[in-house]
Amino acid sequence: MNFKRFFICCAISSVLFNVSSHRTTPEWIHNAVFYDIYPSSFMDSDGNGIGDLNGIISRLDYVKSLGVDAIWMNPIFESGWFDGGYDIIDFYKVDPRFGKNSDVTRLVEEAHKRGLKVCLDLVAGHSSNKSGWFKKAAAEGRDSQYADYYIFSDTIPEEELIHIQKRNELPNPEIGKRGKWVETYKVLGKAPDSFDKRANYYWKNFYPCQPALNYGYADPDPNNPWEQPVDAPGPKAVRRELKNIMAYWFDRGVDGFRVDMASSLVKKDQGHVETIRLWQEMRDWIDREYPGKVLISEWGIPKESLPSGFDVDFNMLKKRPGYAEIMWGAGHSKEVGDNAYFEKSGKGIIKNFINEFESDLDSTRSHGYIALMSSNHDVNRLNSEGRNLPDEIKTCFTFLLTMPGVPFIHYGDEIMMRNVRGLPNVEGSREIRSGTRTPMQWDNSESVGFSTASHEKLYLPTFTDNGKLTVSVQNEDPNSVLNHVRNLNSLRHKYTTLANDGDWETISDPEHPYPWVYTRTGNDGKFIVVLNPCNKSSETTVDIPGNSIEKLLGNGKIDTKYTKKGLKVKIGGLSSAVLRVR
Ligand code: GLC
């Protein structure tokens, strides 16, 4: 290990050691299941074809009926709508398409009456280039109060140019140039030669419309004047603003935030050392001023994010290859490959996921939770490409809702909504994200009970497969995916061992993953989960002491028998079961 790497490792260990490890996460998160809502697509109350807060309020009884405990909503703030609400113009104001600020207070009250918590989305790393802060910072130059809210430079730094050339990347018309620096004059609408204000370029976080907020640089180079230290006045003002935003919404009763791109805040921050310190500061402040509030990170490295002060970290497909492999198959991130574990061909592998998950779990147990998601507004739905049978989706849910950590159900996955490809790009969804953002399918009427607007005016098209993929039809069918999800959630709440904290161990042979058998062990006993997502029956013998086996829930057929060699488990194709050992 060279000296620099050694130094960074020491810095990471010391910052992680410095954690408020005695912090107690709020009680409710220990058994929580989340439901995530893309607000433009859940329920439209005013007939314009786009969802809104009143619509969500009108469907809270349904959300409650799923047996979930909390909702997370994607951004609801005033936005330029070039990235599905993640390009925020005003962090303190609800976008008029969704309603008013007072509707948030009402939504929270109505949710709390039903025992549901509400988390908003905190886009900490960037604003819209249409925000007042950015326009002032760019147009008023150094005199602006917001001059250092963003990172500006007159030239594209040498290292970035080299980087762009090395990757030989052509500008992508949908997301702009791949490099980090964007021409400021384009935002101000002036020609470059008449532009003499703040600087020629700004640093973007994701799309060009999303200038990065300036939290400073971990190791600023004095030759690069735009690289300010984390405690320079600009970065400090941005931190204060971040606290103000959180305080504003905490004061309106919200229970926490999911933090967008939470690891991206401090630039050139090897090992995220300074970003971790920043979040530790936020956590200490929250625990003092707003105890009991929850922070969920889009980070994907739970060993870093949880000791930083987050309660839950998203297990992101890109950063956790073992997880991506079981859900989508090795080498696939946009569709379900036939080597996904959860796919009927039976060609998947689980050992990488098991190693990855065990290691994450062991090292983070005392800090918080890993979140496994059915999908989300960025990631394809469960019912996608080759994975399309009700029993396949049920088997996925048996897995997701019997694993430790905090499960997230993406709205509509519980009724098996289908990820259709080739849909239009709406508000920055690009084709790959449109399929997971289509309107919630409540019934089989023309506009699927989502809106009174005609079908062609809806936010995105809908696909009910002749009404089968709707709430109204699945409500009536005791064997529907919807009722399977409800049954799993009630089991998870009845036996907390099956919930977020119980021990987890694979007891079948990971080299022969069909069926996959794991145990959950805790205060209320020992449970076995058996998964067989391939379309042929399979069997195995596992070593598990006990006298009898009780089947609590499942789809498909399962036989179990104690033999001299252990418990023999035989399960049909596309089946799953939750068993209790007595
Ligand atoms: C996060 C969001 C994604 C958004 C991006 C930029 O990854 O989940 O939807 O486009 O951040 O804010």
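Tutor: Arg-258 places a polar side-chain atom 3.1 Å from an oxygen atom of the ligand; the term polar contact here means a pair of N or O atoms within 3.5 Å, and within protein one atom must be able to donate a hydrogen and the other to accept it, with residues adjacent in sequence counted only if both atoms are side-chain atoms. The model is predicted, so local features need pLDDT of at least 70 and side-chain atom pairs count only at pLDDT 80 or more, while totals for chains, interfaces and linings use all residues. Residues are numbered from 1 along each chain as its sequence is written, and side-chain values use heavy atoms, with hydrogens and water left out.

For Asp-83, a polar side-chain atom lies 2.6 Å from one, and for Arg-433 an N or O atom of the side chain is 3.0 Å from one. Taken alone, the ligand exposes 310 Å², of which the protein buries 95% (Shrake-Rupley method, 1.4 Å probe; for residues, only the protein chains shown count as cover). The ligand is surrounded by 13 residues, the closest being Asp-83, Asp-260, Glu-298, His-377 and Asp-378; a residue qualifies if one of its heavy atoms lies within 4 Å. By type, this shell holds seven charged, three polar and three nonpolar residues. In that count Ala, Val, Leu, Ile, Met, Phe, Trp, Tyr, Cys and Pro are nonpolar, Asp, Glu, Lys and Arg are charged, and the others, Gly among them, are polar.

Next, Arg-381. Its place is in the loop between strands S12 (369-373) and S13 (383-384); helices (H or I, at least four residues) and strands (E, at least two) are DSSP runs numbered from the N terminus. Arg-381 has 0% relative accessibility and counts as buried, a word that means under 20% relative accessible area, with exposed over 50% and partly exposed in between (1.4 Å probe, protein chains only). The side chain of Arg-381 makes a polar contact of 2.8 Å with the side chain of Asp-413.

S12 and S13 also meet helix H11 (residues 321-328), whose buried residues pack against both strands and against helices H12 (351-364) and H13 (390-400). Seven of the eight residues of H11 are buried, among them Tyr-323, Ile-326 and Trp-328. Just after H11, Gly-329 takes a positive phi of about 95°. H13 is largely enclosed by the rest of the structure, because nine of its 11 residues are buried; Glu-392, Lys-394 and Phe-399 are among these.

Phe-399 leads on to the nonpolar packing. Leaving aside neighbours within four places in sequence, Phe-399 is in contact (heavy atoms within 4.5 Å) with Ile-326, Phe-342, Phe-353, Leu-372, Trp-516, Tyr-518 and Leu-531. In the largest nonpolar core, of 151 residues, Phe-399 is one of those touching the most other members, along with Phe-34, Tyr-35, Trp-279 and Trp-516. Such a core is a set of buried Ala, Val, Leu, Ile, Met, Phe, Trp, Tyr and Cys residues joined through side-chain atoms within 4.5 Å. Helix H8 (residues 233-250) gives the most to this core, with eight residues. Apart from it lies another core, of 12 residues, including Val-517, Ile-528, Val-530 and Ile-558. In soluble globular proteins, nonpolar side chains tend to be buried together.

Ile-507 lies in the loop between strands S16 (503-506) and S17 (516-522). Not counting residues up to four places away in sequence, Ile-507 touches Val-517, Tyr-518, Thr-519, Val-542 and Ile-544. Pro-515 is found in this loop between S16 and S17, and the peptide bond from Tyr-514 to Pro-515 is cis, with omega near 0°.

Two non-glycine residues with positive phi remain. Val-448, at about 50°, sits in the loop between helices H14 (430-434) and H15 (471-476) and is buried, with a relative accessible area of 2%. Lys-268, at about 45°, sits in the loop between strand S9 (256-259) and helix H9 (273-289); at 38% relative accessibility, Lys-268 counts as partly exposed.
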